[in-house]
Amino acid sequence: MAIEQMTMPQLGESVTEGTISKWLVTPGDKVNKYDPIAEVMTDKVNAEVPSSFTGTITELVGEEGQTLQVGEIICKIETEGANPAEQKQEQPEASAAAETPAAESRAEEASQPNKKRYSPAVLRLAGEHGIDLDQVTGTGAGGRITRKDIQRIIETGGVQERPEEPKTAAPAPASSPKPEPKKEETSYPASTAGDIEIPVTGVRKAIASNMKRSKTEIPHAWTMMEVDVTNMVAYRNSIKDSFKKTEGFNLTFFAFFVKAVAQALKEFPQMNSMWAGDKIIQKKDINISIAVATEDSLFVPVIKNADEKTIKGIAREITDLAKKVRDGKLSADDMQGGTFTVNNTGSFGSVQSMGIINYPQVAILQVESIVKRPVVMDHGMIAVRDMVNLCLSLDHRVLDGLVCGRFLGRVKQILESIDEKTSVY
């Protein structure tokens with residue numbers, strides 16, 4: 001018999017950790033390879049984790065609700081195989097020289113091979129709070145320092161300052177960088193009698209982390225344009241019942257907006273870009289991320305190659321992706337590859353908003369409520385028209401007002417030209 005260790009898998013690109021939302025097994029259960037053993041939640045997807053081995057569950061290392069880094073041990077499984085005790089006997093015994101301080105240091109490094117392997121989230125969090133990672137004892141696999149270790153230090157007030165360099169009589173070189181000012185710790189409010197404390201779930205933590213990163217790293221700017229969609233509204237309303245009867249799903253206004261944006265992105269590829277430090281990457285594929293909210297979470301699934309799809313095809317994908325969110329069946333692939341986000345804020349009555357850009361994209365478009373308003377027409381006549389505000393948030397490192405104004409103007413032109421002659425197929 002041998003004891004194998006199951007680790008937290010990477011459930012998507014850029015995913016560095018996962019939260020065990022539910023164990024599907026208990027110690028003593030027999031499992032086959034690929035049997036689901038746990039439900040894991042990340043910032044991108046909820047997924048079942050399959051067993052990597054056939055055997056018997058001996059220990060559940062991770063607890064429900066616990067967040068673990070990718071590669072950390074989540075459980076142990078007893079399998080048929082070589083006896084670990086026999087393998088240990090084959091290893092040569094340590095010599096007396098291992099008692100020296102240098103040898104002890106090497107032994108410590110061997111027992112904690114992952115101590116100096118940090119995830120980007122750990123490195124960033126430690127830097128924000130001035131924590132010296134060399135002084136932190138990790139609780140992860142092989143001594144790896146996890147984000148939970150850093151958060152524990154912050155919450156207990158035990159922030160460890162980096163040791164100062166010893167002062168010398170020699171003056172510092174002119175090129176020596178000035179020491180950075182000490183960063184203040186974040187102060188959180190305390191609850192009082194009668195308050196309700198709601199635990200922050202893994203998804204909500206991920207949303208908070210991503211939103212903070214977007215706001216701190218991306219210099220946001222905003223612009224808005226109003227669009228007359230009277231003809232589009234009349235056309236959609238005239239065919240929605242027959243469409244639903246024929247196709248089996250709803251033809252929403254949102255599908256028309258997504259199609260218009262996809263078409264305009266093809267003409268303005270600067271909008272379909274990503275900031276990459278020393279370069280700007282214009283993406284070839286036009287993959288539209290759409291925000292889908294539940295009672296306590298927000299997911300952003302992706303319509304792939306939206307420019308190649310008809311209004312009907314986009315409407316079907318919106319319906320299918322929204323259903324997957326409600327049923328908790330979004331896959332990692334459903335959440336990856338987005339290049340531009342369109343958010344249907346009008347679905348809950350908003351008429352103006354400023355969205356936070358979905359990192360690492362460079363823009364997000366908020367489609368607001370369609371409302372009837374009096375509008376001054378040609379020759380000074382006033383008419384009641386169906387109007388909608390399109391609110392664009394942009395990354396000012398990549399985009400400027402000119403290209404964004406032209407892009408919004410093109411979206412406006414496409415939407416205002418939709419009428420009964422427009423095909424949804």
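Modeller: In this predicted model, four strands form an open sheet in the order β1-β8-β6-β3, and their pairing is antiparallel. At the edges lie β1 (2-7) and β3 (30-31), each of which pairs on one side only. Within the sheet, strand β6 covers residues 55-60 and strand β8 covers residues 73-79. These two strands run antiparallel and are joined by four bridges. Across this pair, Ile57 stands opposite Ile77 in β8.

Next come two helices. Helix α7 spans residues 253-267 and helix α8 spans residues 311-327. They pack at an angle of about 120°, and their axes are 9 Å apart. The crossing of α7 past α8 is right-handed. On the α7 side, the residues in contact are Phe254, Ala255, Phe256, Val258 and Lys259. On the α8 side, they meet Ile311, Ile314, Ala315 and Ile318. Sorted by class, this contact holds eight nonpolar residues, no polar ones and one charged residue.

The last part is empty space. Rolling a probe the size of a water molecule over the atoms shows where such space is left. A search of the whole structure turns up one cavity of 30 Å³ or more. The volume of the largest cavity is about 30 Å³. Its lining is made of Ile218, Trp275, Tyr359, Pro360, Gln361, Asp395 and Arg397. By class, the lining of the largest cavity has four nonpolar residues, one polar and two charged.

Terms used. Residues are numbered from 1 along each chain as its sequence is written. This is a predicted model: local features need pLDDT of at least 70, side-chain atom pairs count only at pLDDT 80 or more; totals for chains, interfaces and linings use all residues. Side-chain values use heavy atoms; hydrogens and water are left out. On a 1 Å grid over the protein atoms alone, a cavity is a set of points where a 1.4 Å probe fits but cannot get out, and a pocket is an open set with protein on both sides within 12 Å along at least five of seven lines; lining residues have an atom within 4 Å of a point. Grid points are joined across faces, edges and corners, and a volume is the space filled by probe spheres set on the points. Ala, Val, Leu, Ile, Met, Phe, Trp, Tyr, Cys and Pro count as nonpolar, Asp, Glu, Lys and Arg as charged, and the others, Gly among them, as polar. Axes are lines fitted to C-alpha atoms, for helices over the stretch in contact, and angles run from 0 to 180 degrees between N-to-C directions. A crossing is left-handed if the near helix is turned anticlockwise from the far one by less than a right angle, and right-handed if clockwise. Contact means heavy atoms within 4.5 Å. Two strands pair if DSSP finds at least two bridges between them.
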